[in-house]
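Me: I would like to learn how to read the features of a structure such as this one, going step by step. Could you take me through it?

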Amino acid sequence: MNNSGDGDAQRDPKSEKLDLKTKLAYGAGDLGPAITANISVFFLLVFFTNVAGIPPGLAGSILMIGKIWDGVNDPVVGFLTDKTKSRRWGRRLPWMFYGAIPFGIFFFLQWIVPRFSANQSENIWPLFWYYVAIGVISQAFYTVVNLPYTAMTPELTQDYDERTSLNSYRFTFSIGGSILSLILTQIVFSQISDRQQQYLVLAAICTVISILGLYWCVFGVRDRILAFETKRIETEEPASLPFFEQLKIVFSNRPFLFVIGIYLFSWLGVQVTASIIPYFVVNCMGLKESDVPTVMIAVQGSALVMLFVWGALSKKIGKKVVYFLGMSLWIIAAAGLFFLQPGQIGLMYFMAVMAGIGVSTAYLIPWSMIPDVIELDELQTGQRREGIFYGFMVLLQKFGLAFGLFLVGNALQVSGFKETVAGSPLPMQPESALFAIRIAVGPIPTVCLLCGLVLTYFYPITREMHAEIMLKLKERQEKRGS
């Protein structure tokens, strides 16, 4: 009997090592959200101000409204995915399967400039409300496909180091997709001269790639997820708590509060930097719009290369130390960018690479911490609630993005930034606008990163504590089995 039990433990889908095929399929699930989010973060604000002709304050408000709504619906979708029952697909995969195509369609519709009147520059409000409506729907479908995807990590493996490896594959596709989107941007921008057509063609290509990546993930991880679901259903769990009671327990989980704080500050730094870089490259460094993707590739490329380096180092020196090293490099780079002058192009690329090395830890470390928090919650409550935890994780990412874009848009507006009239060349910007751009590329991200470092220092779950949590969970499962 004991030998049989040992064999079952070895075949436990939660503890087995993942094969390369599963890791690749799981990574592919972040390809679509990464490509669309990357294009949106880097170019949607620029598209609104320089193509659609919307003032930067209103443009930032459009993005903020969409992201706030997106953040509000995240915990709800997370809760619903926890409650979803499907023998064929499990809890998470039906959302991705049915949401993939609408997700792609509404992303594409954001890049159209509809004509509501002969002279749209005199009445910008119909265009404003069009982008608000499309943005709200687009962000809703982003949640439908992305939140169930992020909640699958602890269902694929419960091994402490294997999760870091799995997230390395995920963010390889994520950052790789971001780089691919920038390469496509460079190709499309060099081949098409009309600004509006550039973005339409780029959006169409990214839409197709995004949908295919999501379906690769769904079919590639299905067997592993269903094996986990079978094991989960066989294990008796206490009756589910009401939604608001679950919220109360989530926010009483002290380590979770640290993780969401670390993540919020990290991504606020990422989003502010990403949204201001196109303006910095063109207006402060005096380069062309076609040079913007090259600078971004330097950031994302170095982040991609360092993912596996940081992943390997975290096994030896721990997640906290890796995060401290990466953020320190990023802070130095942010300070350097603030003082850069036109003509210092080589130094700009060097700072971009340094920033990318730090950005990779902002991707990797918070996401590898959250499954540990979920297991602590399971130990304390007897329930697995991946959806609601990841829902709040993604909610804060959206709020960080929304606040960052709103901050950047309105800072440009207040500083006197001149939006482009549709079809006209880019105007010269006043010194006040150039200084606001420099503040957004240097000091603002630095403050965010320093706050994240303080929280990381006090984060309580260590490798040893996680091992103890897993041991207690295993003992509980064995008691139930007997």
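This is a predicted model: local features need pLDDT of at least 70, side-chain atom pairs count only at pLDDT 80 or more; totals for chains, interfaces and linings use all residues.

Me: Is Thr-22 buried or exposed, and which residues does Thr-22 contact?

Reply: Buried means under 20% relative accessible area, exposed over 50%, and partly exposed in between, with a 1.4 Å probe and protein chains only. Thr-22 has a relative accessibility of 10% and therefore counts as buried. Contact means heavy atoms within 4.5 Å; leaving aside neighbours within four places in sequence, Thr-22 is in contact with Leu-156, Val-221 and Arg-224.

Me: How many helices and strands does the chain have?

Reply: The secondary structure comes to 18 helices and zero strands, and of the 482 residues of the chain, 60% count as buried.

Me: How should I read a pair of helices, and at what angle do H11 and H13 cross?

Reply: Axes are lines fitted to C-alpha atoms, for helices over the stretch in contact, and angles run from 0 to 180 degrees between N-to-C directions. The axes of H11 (residues 254–284) and H13 (residues 319–339) come within 13 Å and cross at roughly 30°. Angles under 35 degrees count as roughly parallel, over 145 as roughly antiparallel, 65 to 115 as roughly perpendicular and the rest as oblique, so H11 and H13 are roughly parallel to each other. Where they meet, the H11 residues include Ile-262, Gly-269 and Phe-280, and those in H13 are Tyr-323, Trp-330 and Leu-337.

Me: Which residues of the largest nonpolar core touch the most other members?

Reply: A nonpolar core is a set of buried Ala, Val, Leu, Ile, Met, Phe, Trp, Tyr and Cys residues joined through side-chain atoms within 4.5 Å. The largest has 122 residues, of which Phe-43, Phe-47, Phe-48, Ile-54, Trp-111 and Tyr-131 touch the most other members. Apart from this core lies another of 19 residues, including Trp-89 and Met-96.

Note on methods. Residues are numbered from 1 along each chain as its sequence is written. Side-chain values use heavy atoms; hydrogens and water are left out. Helices (H or I, at least four residues) and strands (E, at least two) are DSSP runs, numbered from the N terminus.
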